[in-house]
Amino acid sequence: QLLGSGGGLVQAGGSLRLSCAASEPTFSSYSMGWFRQSPGKEREFVAAISYSGDSTTYADSVKGRFTISRDNNNNTVNLQMNDLKPEDTAVYSCAAKFYKYSTYDNEYDYWGQGTQVTVSS
């Protein structure tokens, strides 16, 4: 089970930190990803981190502004979002994939419930 938190309303240029807590005891065997979906659009990849935490990848649209990290001791993954833009407004969901990460949402095994991020201009 994945439980996301940390969404909210922020002005453009501001920051938010999303967190995702996993109850899975083998969390360290799962790569983790963040995806987002805004109304009328398909879900899109945001960022992913390997099961060990030593490798990350980002969508071009967030590169340099967002940072994904994980704490395998506490079974959590975080997404630090800086310099937020109105186009970042979406429901953000964390997801877990056994072993290697992916940028494709259909390859993930478990999903959190999603948290709303709204960026005002």
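Helices (H or I, at least four residues) and strands (E, at least two) are DSSP runs, numbered from the N terminus. With that in hand, welcome to the tour. The model on your screen is predicted, so local features need pLDDT of at least 70 and side-chain atom pairs count only at pLDDT 80 or more, while totals for chains, interfaces and linings use all residues. Residues are numbered from 1 along each chain as its sequence is written, and side-chain values use heavy atoms, with hydrogens and water left out.

**Stop 1: the whole chain**

Start with a cartoon view.

Now colour by accessibility. Buried means under 20% relative accessible area, exposed means over 50%, and partly exposed lies in between (1.4 Å probe, protein chains only). Buried residues make up 42% of the 121 residues. Contacts, meaning heavy atoms within 4.5 Å, reach along the chain too: among those between residues at least 6 apart in sequence, 57% join residues at least 24 apart.

**Stop 2**

A disulfide is a covalent bond between the sulfur atoms of two cysteines. Here the rule is a pair of cysteine sulfur atoms within 2.5 Å, and the structure holds 1 disulfide. Cys20 and Cys94 form it, with their sulfur atoms 2.0 Å apart. Cys20 lies in strand 3 and Cys94 in strand 9, so the pair ties together parts that are 74 residues apart in sequence. The torsion about their S-S bond is about 55°, so this disulfide is right-handed. Are the two cysteines buried or exposed? Both Cys20 and Cys94 are buried.

**Stop 2: Ser19**

Step back one residue to Ser19, which also sits in strand 3 (residues 16-22). Ser19 counts as partly exposed because its relative accessibility is 23%. Leaving aside neighbours within four places in sequence, the residues in contact with Ser19 are Leu3, Gly4, Ser5, Trp34, Val77 and Asn78. With Asn78 there is a side-chain to side-chain polar contact at 2.7 Å. A polar contact is a pair of N or O atoms within 3.5 Å; within protein, one must be able to donate a hydrogen and the other to accept it, and residues adjacent in sequence count only if both atoms are side-chain atoms.

**Stop 3: the charged network**

Side chains of opposite charge can pair when their charged atoms come close. A salt bridge is a side-chain nitrogen of Lys or Arg within 4 Å of a carboxyl oxygen of Asp or Glu, and the count comes to 5.

Select Arg36 and Asp88, whose side chains meet in a salt bridge at 2.9 Å, N to O. The pair links distant parts of the chain, 52 residues apart: Arg36 is in strand 4 (residues 30-37), and Asp88 is in the loop between strand 8 (76-81) and strand 9 (90-98). Arg36 counts as buried because its relative accessibility is 5%, and Asp88 is buried at 1%.

Arg65 lies in the loop between strand 6 (56-58) and strand 7, so its pairing with Asp88 ties together parts that are 23 residues apart in sequence. Arg65 is buried as well, at 9% relative accessibility. Which residues do shared partners join into one network? Arg36, Glu44, Arg65 and Asp88.

For another setting, select Asp60 and Lys63: they form a salt bridge with the closest N and O atoms 3.1 Å apart, and Asp60 is exposed, at 67% relative accessible area.

**Stop 4: Arg70**

End in strand 7 (residues 66-71), where you will find Arg70. Arg70 is buried yet has no salt bridge; the nearest side chain of opposite charge, Asp71, is 8.1 Å away. Lys and Arg count as positive and Asp and Glu as negative here, while His and the chain ends are not counted. What does the side chain of Arg70 reach at 2.8 Å? The backbone oxygen of Tyr30. The backbone oxygen of Phe27 also lies 3.0 Å from a polar atom of the Arg70 side chain. Not counting residues up to four places away in sequence, the residues that Arg70 touches include Ser28, Met32, Ile49, Tyr51 and Thr76.
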